[in-house]
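Please open the structure in a viewer and follow the selections below in turn. Each stop names what to select and then describes what is found there.

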Amino acid sequence: MLIRLSGGRVIDPANGRDGIGDIWIRDDRIVEPAAGETPDMVYDVTGKIVMAGAIDIHSHIAGGNVNTARLLLPENHRAHVARPAATPLSTAGWSTFETGCRYAAMGYTTVIEPAVPPHLALHSHLELADIPIIDKGTLSVLGNDDFLLSLIRDGAGPAAIADYVGATLNASKGIGVKCINAGAAMAFKHNVRSFNLDDVVPAYNLSSRAIVEALQQAVMDLGIPHPLHLHTNNLGIGGNVETALATIAAARGKPLHLAHLQFYSYGKEGKRGFSSAAAELAEAVNANANVTVDVGQVMFRQTVTISMDVLRQFNAMGTASPKKSVIYDGDANGGGIVPFNYRSNNFYNAVQWASGLELFLLINDPMRVFFSTDHPNGAPYTTYPDLFALIMSREARASWLADLPQAAVEMTTLPSLTREYSFYDIAMMTRVAPSKLLGLRDRGHLSPGALADVAIYHDDPDRAAMFRFAHLVFKDGDLVIRDGRVTHYRFGRALKVSPTYDSAIDRRLSTYYDDVYGISPDLFKVPVEALGRENPFGEVACGR
Amino acid sequence: MKILVDGAAAPLEAAAAEAARLLEQAKLPLIAGLAADIAGARAAIALAERLRGAYDHMYSEFLLRDLDVMRQSGQFVTTANEVRVRADCVVLIGAKLKTAWPDMLARLDLSNPARFDEAHAPRKIFWLGANPGDAEEAGAVKIAAPSSELPILLAALRASVAGRKTRPDAHIDGKLADLAVQLQAARFGVIVWSSESVGRLTIEMIQGLLLDLNKKTRFTGLPVGAAGNVTGVGQASGWMTGFPMRTGFGRGYPEHDTWRFEANRLVDSGEADVAMWISAYGNEAPRWKREVPYVAITTPETQFAYPPKVRIDVGTPGVDHDAVEYVQNLMTLAATDARSASDAPQVASVIRLIDEHLTKGEGAC
C-alpha cells in the first residue's frame, strides 16, 4: 500500500522541517517520495498540519492501582454514548478501550505507563493488551524492595545492582526504570510519616539519596536508553522546591528524569506559606543539561490521584473528594488512590495550575521539558488539548488568570510571561524529545524509514479543538482516525528493553524468594501467550 | 467431554451455531456463572457487550461485599507476602477462612516470627469467630463469636481503640480489653477476613478500625477472595467496562447496578429470556428458579436441574490448560501452568466460536 499525504504543512523538527510538502507511506513506514509510482491512496491535506504521532512519556493508563481507582469511583465514569458498531467498548468510560481511542483521536500513537510494580507486571500488561491502536510501554518500579536495599546496604557493588535491575526489567518487560520516593514506602511500613532526601530507611540505614544514586548508576551501566525516571520526595508540600533543587544537585551531572516537576515547585511565601517557586526551579533545570522533566500540569476539574508514593497518599487522605481512599501496602512497594477535585477558586490549586505553566514557559529547551498532566493526578489526559492551547497563547492564559483568586496569582510570575509555543516547539516537545528520551529511534519524526505514525490536524485557530480531534491519524501506516473518530481497531505493542546481565542473579533471586517468601519468582512471570494478542511486545535496543 | 444440542450429541461447530442463534434472538441475553479464567472472562464480557446483554458472576455477592465498602468509604489492603514477612500482629476474622483459603496458615507462615519485624518476636495472633479447632491450629487466641455478633464486637473494639466510652458490657469488654491494647501496640498489624463468611457491616467495621489504628501505628487488611476466580473476573470487568460484574449493555453502553443486573433476579423476573451459564472451575449449576433456555459452558460433571439447550463441556483453567487467574497466595493475577494438560476446549475459544456465528456487530476480544 502506497499512500501520499499531499500538500500539508509538514512540521518535523527532527529534520529541521516546517513547510508545505508531501509525506509518503509504504505499508507501515515513511518512505522517500516514490517518483513515477502511482499511490494507492492520496489524501489532500492542503491547509492541514502534519506531524509524527505524539508520544506521552508519563500517563497512568493501566495496572492494579488504576483499576482499583476505576472500581473505587464508579460515579466518575458513567458512559453515556452507545458504542459505534465497529469499535466495541470504545465509549465505555475509563475503559482500556476508550483510553486507546481517545489518545489516538488526539494524534497520540505511543504512551508510557510509568508505574508498574514488578510483581504486578502481568496485570499491567494484560490491561495494556486491551488498549487498542497505540503502542505502549511500562516503567518498572524499584527502590523500596528489600533485595535492592540489602544489596546497597551490604556494599554488593554496582555490578550486582545492575544485574538485579536488568533481571527485574527482563522479567517485568519494562522499557525503563522508575523510582518512587526512594525508601519511603519501606519506611512507611516502619511507621515513618515523612521522608526527605537524606532521611534514612529504618533497618537499612540507607538514605533516599543513596538508593537513587545506585539506581541511576545501574540504569547507565545497563545501557538503558531512558534515564532513571524519578518521583522524588515531599511531593505536593509547600516549600518542597528545596527538595527538587537538592535532587537535581544529587544527580551530579548524570542523566536523570524528574517526573511531574510541577508538584515540587512550591515555595513557602505568603501568609498561607504556599507560593510558586517555579521560576527558581526552571532556572535550575536550564542550568543542568543532564536533567529532563515532565510537568504534571494541574487542570481544574474532578480527578483521582493514583500514586505508588503511598506515604504521600496516606498523608493526603484528609483532602480526598469524595471522601474515600485506598491505601495499599504492596510487595516491596505501595500505592494510594485519593480522589481529588482541583478547583479554580481554591488558592492552592490556582497556584499549582500557574506554577505548571511557568515551568512550561520558563524552561528554555523543549527537548528537556515534557508535556504531561501525570494523568490522572494533575488532570486526565483528555485535558491535553486545553493545555496545548494555554501554552500556545498568552491571551488564553490571561483569560483563565482573570478567573483565579488574585491572592494566588500574586504568588506566581505567570502574568508576566509572554512566551507562546509554536507548532514547531509542540512537535519538538511531544514527538522528537520523547523518542530521544526513550530510545525510540523509529518514531517521533517523519524521516524515510520511520514508522508511519502520522497525525494530521485541522489548522483551527481554536487550538484545543484542533488537538482534541485530529483530522487523520495513521498508526503503522494504517488509517485509524478520521475526523476524530476511530475507524477500526488494531492492537499495538508494548515496547520493552532486554538489557544483558549476569544470569547468576536469577539463581540468587530464586533462593532469595524461596527463603523470604516461600515461593518462586517465576510465579510473577509475564508469558507472551498469556496476553492474548499477536506480537504484544516490541524491542527497544540497549547500548552504551 | 460432551457437546449436546437439545440433549443429542452434536459437532462443536453446530453447537456453537445453535448457541449463537439462541443468544442473538433474545431480548435480553444474560451471561451468568462467569467462573472462568481471564481469557474466558474477557471473551464473555465482550460477548455480552456485542449482544447488548448483561453479565454477572456466581460469586459476585461476595466480591461486592468488599467492593461496596471500598467504594463507600475506602480501603486499607496489603498482600500475603507482606503479612508473611512483616506482620507482628494478626487478627483472623470469621469461620470459613480456611475453606476460602486452604493454604492460609502455611502461606502466611504464622507459626514463625515475621522475618522483617525488628523485634523478631513470636507473632500475636487472634481469631474472632473461628471454627472449632481452627484457632488452636493457628496458635491464635480464640475470641468466640457467632457471625451475627461480629459487627458489634468490632464496633466495640473500634470504640475502645479510639478511646471512646462504650456501653458497659462485661461479656464483650472481657473479650476485647486485651485485644484493643495489643492492636495499638502492633508495629505492622493485619486483619484477615473472607467476604464469603462475613457480611458488609463486619467489613465496614474492619476498615473503620484500620483507619483509626493507622493514626498512630501501621495496620492493614488482607481480604481473602471467593471462589470461581471472582476477584480476577472483577479486575477484567473493571478495565473493560469501568465497572465490576452486574453490568448491562442494554442501552449500548455499560451500566452497573447490583440489584438490576443480578443474574437470578433477571431470570426469575422474566427480564432475561436467554442465558449463558459458564462454570469452568467446579461443577456449579445455575440456581435460578424459572426455566429460561440456556447455553451451558461447564466442566463435564455438572448436574443441571433442567437440561440446557446447548451444552459444551470445557476444561478447568490451570488444570487442563495454561491460564491467567487471580491467585490468593500472590494477591494478583498470575499465569498458571496446566497441571495436567489436555485438549479439552477452553471457555475463551468456545465463546469466540459462538461469536463468529453471530450476524450482528463486532466483538472486542
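Select helix H5 of chain A, residues 158-172, in this predicted model. The helix has 15 residues and reaches 21 Å from its first C-alpha to its last, close to the 21 Å expected at 1.5 Å a residue. Eleven of the 15 residues of H5(A) are buried, so the helix is largely enclosed by the rest of the structure. Among them are A:Ile161, A:Tyr164, A:Val165, A:Leu169 and A:Ser172.

Next, select A:Trp353 and A:Phe360. Of the 283 residues in the largest nonpolar core, these two touch the most other members. The core also draws at least three residues from each of domain 1 (3-59 + 228-356) and domain 2 (64-224) of chain B. Which residues surround A:Phe360, leaving aside its neighbours within four places in sequence? Its contacts include A:Val295, A:Phe370, A:Leu387, A:Ile391, A:Tyr421 and A:Met429.

Now turn to chain B and select the strands of its open sheet, nine in number, ordered S2-S1-S15-S14-S13-S3-S4-S11-S12 with mixed pairing. Strand S2 (8-9) and strand S12 (255-256) of chain B stand at the edges; each has a single partner strand, so one side of each is left without a neighbour in the sheet.

Within the sheet, select S14 (residues 294-298) and S15 (residues 310-313) of chain B, which run parallel and are joined by four bridges. B:Thr298 stands opposite B:Asp313 in S15(B).

Key: Residues numbered from 1 in each chain as written. Chains lettered and ligands numbered in written order. Predicted model: local features only at pLDDT ≥ 70, side-chain atom pairs only at ≥ 80, totals over all residues. Heavy atoms only, no water. Core = buried A, V, L, I, M, F, W, Y, C linked by side-chain atoms within 4.5 Å. Buried < 20%, exposed > 50% of the residue type's maximum accessible area, 1.4 Å probe, protein only. Domains from an automatic or database assignment. Contact = heavy atoms within 4.5 Å. Pairing = 2+ DSSP bridges. Helix = DSSP H or I, 4+ residues; strand = E, 2+ residues; numbered from the N terminus. Expected span 1.5 Å × (residues − 1).
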